[in-house]
Amino acid sequence: MTTDTHRAIDAVWRIESAKLIAGLTRIVRDVGLAEDLAQDALVAALEQWPQSGVPNNPGAWLMATAKRRGIDAIRRGAMQDRKHEQVGYELESKQETVVAELDAALDDNVGDDILRLIFMSCHPVLSTEARTALTLRLLGGLTTEEIARAFLVPEATVAQRIVRAKRTLADAGVPFEVPRGADLKARLASVLEVIYLIFNEGYAATAGDDWVRPALCEDALRLGRIVAELMPNESEVQGLVALMEIQASRLRARVGPSGEPVLLLDQDRGRWDHVLVRRGLAALARAESLGGAIGPYTLQAAIAACHARARTGSETDWARIAALYSALAQLTPSPIIELNRAVAIAMAFGPAAGLQVVDGLMAEPSLKNYHLLPSVRGDLLTKLGRYDEARAELERAASLTKNARERTLLLDRAAACERSAAR
């Protein structure tokens with residue numbers, strides 16, 4: 001197979017696979033079977049396109065092939081039913097109706113089907129890890145190997161998560177539908193949690209040798225934009241998209257020439273993607289215009305917007321950021337939010353004020369092994385000239401992080417403190 005053909009198949013699959021799986025799931029009511037049928041279409045493309053060439057409309061080709069596979073599966077199932085239950089003519093008539101429905105389903109209501117698939121993949125009956133893996137598999141078009149590489153876990157572990165997730169959905173009888181009423185809010189929160197988790201792993205990798213993994217951010221952004229388009233009146237969906245657009249605008253500036261981390265205040269803001277900034281600010285405006293209570297994603301987007309609007313780090317409205325973090329803490333109390341508020345307070349009112357808040361978090365059990373707590377404390381102690389204490393905190397932070405790039409950064413800062421202390 002030529003490299004160009006392989007790239008074409010990979011690109012088409014990433015674009016079309018979610019539509020295929022969603023349309024098939026609507027009819028066969030089994031997400032595992034639906035994925036198998038879509039994979040059959042992919043295998044057919046891998047076998048035929050190198051000889052026949054890439055079709056003018058490759059998505060339609062895959063769609064037609066998936067339909068045929070689905071129809072064949074239904075007919076095989078119907079034959080088995082006739083063999084075991086001897087239904088006869090009535091089942092034959094039903095079979096033809098289902099085949100016709102399948103043929104139409106893959107062409108109509110594509111957006112609705114994809115939204116249903118998103119809610120199914122992110123169902124709370126699954127663990128967070130299973131929801132994440134299944135979403136990337138079914139809606140991101142990623143292979144098991146790619147998901148494993150992105151999250152630095154064994155491929156076999158990811159494969160088991162996906163298989164178990166499909167089985168759990170089937171055993172629980174999870175319907176292929178968008179929830180309504182009171183159930184929608186909780187289920188939507190689960191969807192947004194998975195999307196943002198994927199984004200965050202790309203934006204600030206928790207482990208490994210890379211500081212950022214832009215491909216994961218792109219996957220999350222694409223999913224977020226799909227949900228926002230299909231649910232335009234949900235303010236928190238718009239808020240999450242706003243947050244991700246603004247955060248993603250900094251990706252190029254977050255790493256130096258050798259892949260080393262570049263912290264926010266040290267970034268070249270000329271390297272920020274201002275198209276993404278404008279998109280993010282527009283999404284934030286939509287979220288705020290929808291009225292009602294402001295949610296946590298919209299508040300975080302408003303914080304990101306403060307950075308995006310500042311032409312330089314010194315122009316950042318840190319007092320407003322601190323106030324927004326206070327509002328966020330009231331809405332969703334969390335020691336991590338309080339730590340972020342401490343940073344904003346330090347920037348707005350001085351390092352001593354920020355350190356007072358941080359010191360109040362030192363006994364928090366959930367932050368015992370959270371590397372950013374000693375990292376922030378070390379930074380504030382450095383600004384106060386308490387270099388020996390700062391060095392110890394930064395070295396502790398380095399020992400806790402699992403990201404190699406971040407560890408190097410923290411150790412470099414600790415070494416700088418040691419030099420300052422020796423002067």
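**Basis and overall features**

The model is predicted: local features need pLDDT of at least 70, side-chain atom pairs count only at pLDDT 80 or more, and totals for chains, interfaces and linings use all residues. Residues are numbered from 1 along each chain as its sequence is written, and side-chain values use heavy atoms, with hydrogens and water left out.

The chain has a mean pLDDT of 88, and 91% of its residues reach 70 or more; pLDDT is the predictor's confidence in each residue, from 0 to 100. Over residues 82–95, pLDDT stays under 50, and the model has eleven contacts beyond four places in sequence for this stretch. Contact means heavy atoms within 4.5 Å. Where pLDDT is low, the predicted coordinates should not be read in detail.

There are 19 helices and two strands in the chain. Helices (H or I, at least four residues) and strands (E, at least two) are DSSP runs, numbered from the N terminus. The C-alpha trace spans about 90 × 50 × 40 Å along its principal axes. Of the 423 residues, 47% count as buried. Buried means under 20% relative accessible area, exposed over 50%, and partly exposed in between (1.4 Å probe, protein chains only). Of the contacts in the chain with a separation of 6 or more, 64% come from residues 24 or more positions apart.

**Helix pairs**

Two packed helices are described by the angle between their axes and the distance between the axes. Axes are lines fitted to C-alpha atoms, for helices over the stretch in contact, and angles run from 0 to 180 degrees between N-to-C directions.

| Helix pair | Axis angle | Axis distance |
|---|---|---|
| α6 and α7 | about 135° | 10 Å |
| α7 and α8 | roughly 115° | within 8 Å |
| α17 and α19 | about 30° | 11 Å |

Angles under 35 degrees count as roughly parallel, over 145 as roughly antiparallel, 65 to 115 as roughly perpendicular and the rest as oblique. A crossing is left-handed if the near helix is turned anticlockwise from the far one by less than a right angle, and right-handed if clockwise. For residue classes, Ala, Val, Leu, Ile, Met, Phe, Trp, Tyr, Cys and Pro count as nonpolar, Asp, Glu, Lys and Arg as charged, and the others, Gly among them, as polar.

Helices α6 and α7 are oblique to each other, and α6 passes α7 in a right-handed crossing. T132, A133, L136 and R137 of α6 make the contact with T144, I147 and F151 of α7. By class, these residues divide into four nonpolar, two polar and one charged.

The crossing of α7 and α8 is also right-handed. Here T144, E145, I147 and A148 in α7 meet E155, V158, A159 and I162 in α8. This contact has five nonpolar, one polar and two charged residues.

Helix α17 (residues 372–383) packs against helix α19 (residues 404–422). The two are roughly parallel to each other, and α17 passes α19 in a left-handed crossing. The contact is made by L372, S375, D379 and T382 of α17 and E406, L410, R413 and C417 of α19. It has three nonpolar, two polar and three charged residues.

**Single residues**

R131 lies in helix α6 (residues 128–138). With a relative accessible area of 8%, R131 is buried. Leaving out residues up to four places away in sequence, R131 touches S121, C122, H123, L126, S190, E193 and V194. R131 and S334 are 203 residues apart in sequence, and their C-alpha atoms are 23 Å apart.

L152 is in the loop between α7 (144–151) and α8 (155–172). Most residues other than glycine have a negative phi. L152 is not a glycine, yet its phi is positive, at about 55°. L152 is partly exposed, with a relative accessible area of 45%.

S235 belongs to helix α11 (residues 235–248). S235 counts as buried, at 16% relative accessibility. Its contacts, not counting residues up to four places away in sequence, are with A287, L290 and T298.

L263 is found in the loop between α11 and α12 (274–289). L263 is partly exposed, with a relative accessible area of 36%. The C-alpha atoms of L263 and R407 are separated by 14 Å, with the two residues 144 apart along the chain.
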